[in-house]
Amino acid sequence: MSQKSKFIALKNYVPIGLPSEDDFIVKEQVIDLSNNNDVLVENLWLSVDPYMRARMTEKKNYKEPFVLGNPMEGAAIGIVKKTNSNNLEVGDYVLSNHGWRDKFVDEDNNLKKIKPNDFPIESYLGPLGMTGHTAYIGLFKIGKLKKNQTILVSAAGGSVGSLVCQIAKLHGCKVVASTGSDEKVDWLKNELNVDYAFNYKKTDNLVLKLKEIMPDGFDLYFDNVGGDFLEAAIFRMKNYGRIVICGRISQMNSTKTPEGLKNIAHVLVKRLTIKGFLIFDHENESENFQNDMSSWLKNKKILSKHTVYEGLDNAPKAFVDLLNGKNIGKMLVKI
Ligand SMILES: NC(=O)c1ccc[n+]([C@@H]2O[C@H](COP(=O)([O-])OP(=O)(O)OC[C@H]3O[C@@H](n4cnc5c(N)ncnc54)[C@H](OP(=O)(O)O)[C@@H]3O)[C@@H](O)[C@H]2O)c1
């Protein structure tokens, strides 16, 4: 028997500036199990992520723009309610990319079964999911993290950044964390035990600040923000340092045309390595990550914090607030 699914769609593209809740619309569609392998899933948790901002413009990116009026895609965890499939049973938890909707029908081969083991199911959208994997691949494979290095992390109070800080601390590194609120500074210092945390919004001169904190400079900079912060970090890198380009959130919503880096001479003279990456290229390299992260979480060596908004209708607000830095740790929506 068919039933209705409620979903959130993008109403219009947002070429520049911060999106608002008014850029989204709530809609309904009829769904039904029709194919042999079809499964009806009720979503429980949705992820809102900065990369979605890039899909809200018509510009070509590494993923296609969202289709106006269609359900917003994104990672979600749900529970199987009905099934025509032999591979999934009612009550199974599944990870999908069927984002901002209360329920959906899809074939079983588009769904990944999750065994919750000892962890809350929503962890698979945070430390055990894409953002945890990003922190792990970014640090080890791209950043070639070594023990006892000095590391700078931007957007350190968020999902990727807070995991980067903790993994680096587990490797005996000295971690300097930048974030945008005093509450996040306190969390990073007092609960995640980073060596130094500061509020970049209260910092007049980033280069001098970084020099004061770590006079000998940094071996590794994990860049989540790009822009002026990246330029300041380049000034303070050690010779042969590495910069991991993970994100550019400071430029995503900017109304100004981004300027080029003015200190490329430092990249040359210090023989720096700057390397970008996309986690989607590393989907088949998750075994070590899953084993290590599970063990760290089980042994409380890594703490994971979630900021949770309740209700599908609040997904646009959660997304806009994420871009405004209102989250501590991973931003999630609970349906
Ligand atoms: N390369 C990949 O495959 C990949 C995968 C996942 C994520 N990422 C990137 O990694 C970064 C972090 O993602 P996440 O999911 O963990 O998000 P998040 O850090 O949990 O949330 C985004 C944070 O960005 C900060 N921010 C917003 N505007 C800013 C600005 N103008 N300048 C500096 N910081 C700003 C805010 O924190 P503050 O309070 O600190 O301002 C906000 O909380 C993003 O850039 C994202 O695009 C990349």
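These questions and answers walk through a predicted model, from its ligand shell to its loops and cysteines.

Biologist: Where does the ligand lie relative to domain 1 and domain 2?

Modeller: Domain 1 spans 3-126 + 304-334, and domain 2 spans 130-280. Both give residues to the shell around the ligand. The ligand therefore lies between domain 1 and domain 2.

Biologist: How many residues surround the ligand?

Modeller: The closest are Val 160, Lys 184, Tyr 200, Ile 279 and Asn 327. By class, the shell has twelve nonpolar, twelve polar and two charged residues. The number surrounding the ligand is 26.

Biologist: Which helix gives the largest share of the shell around the ligand?

Modeller: Helix H3 (159-170), helix H7 (249-252), helix H10 (315-323) and H2 each supply at least two residues. The largest share is three residues. That share comes from H2.

Biologist: What percentage of the ligand's accessible area does the protein cover?

Modeller: On its own, the ligand has 920 Å² of accessible area.

Biologist: How many of the nine residues of H10 are buried?

Modeller: Buried means under 20% relative accessible area. The buried residues of H10 are Ala 315, Pro 316, Ala 318, Phe 319, Val 320, Asp 321, Leu 322 and Leu 323. H10 is therefore largely enclosed by the rest of the structure, with a buried count of eight.

Biologist: Which residue with a positive phi follows H10?

Modeller: The phi in question is near 80°. The residue that follows H10 with this angle is Gly 325.

Biologist: Is Lys 144 buried, partly exposed or exposed?

Modeller: Lys 144 lies in the loop between helix H2 (130-142) and strand E8 (150-153). Its phi is near 50°, a positive value in a residue other than glycine. With a relative accessible area of 44%, Lys 144 is partly exposed.

Biologist: And Tyr 240, buried or exposed?

Modeller: Tyr 240 sits in strand E12, residues 237-245. Phi is positive here too, near 65°, in a residue other than glycine. The relative accessible area of Tyr 240 is 55%, so the residue is exposed.

Biologist: Is Arg 101 buried or exposed?

Modeller: Arg 101 occupies the loop between strand E5 (93-96) and strand E6 (103-107). Arg 101 and Ala 76 are 25 residues apart in sequence, with their C-alpha atoms 9.1 Å apart. Because its relative accessible area is 11%, Arg 101 is buried.

Biologist: How many disulfides does the structure hold?

Modeller: The sulfur of Cys 173 has its closest cysteine sulfur in Cys 165, too far for a bond. For the structure, the number of disulfides is zero.

Methods:
Residues numbered from 1 in each chain as written. Predicted model: local features only at pLDDT ≥ 70, side-chain atom pairs only at ≥ 80, totals over all residues. Heavy atoms only, no water. Helix = DSSP H or I, 4+ residues; strand = E, 2+ residues; numbered from the N terminus. Buried < 20%, exposed > 50% of the residue type's maximum accessible area, 1.4 Å probe, protein only. Disulfide = S-S within 2.5 Å. Near = heavy atom within 4 Å. Areas by Shrake-Rupley, 256 points an atom, 1.4 Å probe, with all protein chains shown as cover. Nonpolar A, V, L, I, M, F, W, Y, C, P; charged D, E, K, R; others polar. Domains from an automatic or database assignment.
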